[in-house]
Amino acid sequence: MKIGIVGTGLFSVSVAIRLAEVQGNLIELWSENKDLVKDFKKTKKLNTIFKGKDIPIGITVSNSIEDVLKEKDIVFLMSSIPYFSSSVDLIKDLISKEIPVVIGTKGVDKMGLFPYQIAKKSLKNPLLIMSGPTFAQDMCSHKLLGFTLAGTHKKSKVLVKKAFLDSEVVIEESVDLLGTSLVGVLKNVYAIGSGLLKETMGLESTKAFYITAVYHEIYDLLYRFYGKEETLFSLSCLGDLILSCNSEESRNFSYGALLGKKSTKKEINEFKKKNTIEGVESLEYLIPLINKKRAKAPLLRSIYEIVNQNQQVEDFITILKNSIH
């Protein structure tokens, strides 16, 4: 199967490595970075992404978006949310309309749109969302994991599942594009709160209390956004929430831990320079969305206030205490 991937971030490359495990898959990644492509052609490595790691045969990297889209069976659109709209504009006149586009981006833009809504405005292709508890380092291992594949085009889902066949990836199907998009954003925000608690409370029992309270809050938000109730129990929601709120591998969790330790502005800014904190990027545009839905979401709002230095961690803990009755 011929597969194109737009983007060469850590997760994009990890997905490519997993797909390359399947016999017959040929994967071509697009990057605008000419030095990265030049270095790959010489060394067959992507040292700025996975230092020293061998990239499997079957993966190539190109600066030509035309080549990456040409005669492909599936295209994965993996650009981070600040660049997602420009990536859609880049491919919209070049991609054949019958090719399924799998979106691996989480977030919400300044217009209050989720990635699939941005793509839907310009692309006529079948659109799918992949979302679930899949850290990049785990995705490129040959071990069992799974994700939710949301969309309404059945033939495209069959094709994507075939692309991952025999790769130890379990794919859970959903038709809830909106709900899957929403919970993919929320889990990043709530992971910040979990990091906060690690440094201030330090108890696993407190974390369990927090995740339960968060789960109640997500349920209310899903209802108000007209997401499907079954999404609450999916890999994209429950699975990803458990992973993100329990691991220091989560950049959002680690960022929250820095806030909980009351790190200096310099330390926090240095961390933000080196890492993409999806939860922080989404918060600014997520708050107006939940205001429109008249949702209370006290924990999410408290995390927003702490991130913007308008509230203390102690206030967050007080709100948590009152979140379950």
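Which helices each supply at least two residues of the lining of the largest pocket? In this predicted model, they are helix 1 (10-20), helix 4 (81-91), helix 6 (136-139), helix 8, helix 10 (235-244), helix 11 (251-260) and helix 13 (278-292). Helices are DSSP runs of H or I with at least four residues, strands are runs of E with at least two, and both are numbered from the N terminus. Residues are numbered from 1 along each chain as its sequence is written. Because the model is predicted, local features need pLDDT of at least 70 and side-chain atom pairs pLDDT 80 or more, while totals for chains, interfaces and linings use all residues; side-chain values use heavy atoms, without hydrogens and water.

Helix 4 provides the largest share, 5 residues. By class, the pocket lining holds 12 nonpolar, 21 polar and 8 charged residues.

The count of cavities (points where a 1.4 Å probe fits but cannot get out) of 30 Å³ or more is 1. The largest cavity has a volume of about 60 Å³. Of its 13 lining residues, Thr105, Lys106, Ile129, Thr180 and Ser181 are closest to the centre. Helix 5 (115-122), strand 6 (127-131) and helix 8 (177-200) each supply at least two residues of this lining. Helix 8 gives the most, with 4 residues.

Conventions. 1 Å grid on protein atoms, 1.4 Å probe; cavity = no way out; pocket = protein on both sides within 12 Å on 5 of 7 lines; lining within 4 Å. Points joined across faces, edges and corners; volume = space filled by probe spheres on them. Nonpolar A, V, L, I, M, F, W, Y, C, P; charged D, E, K, R; others polar.
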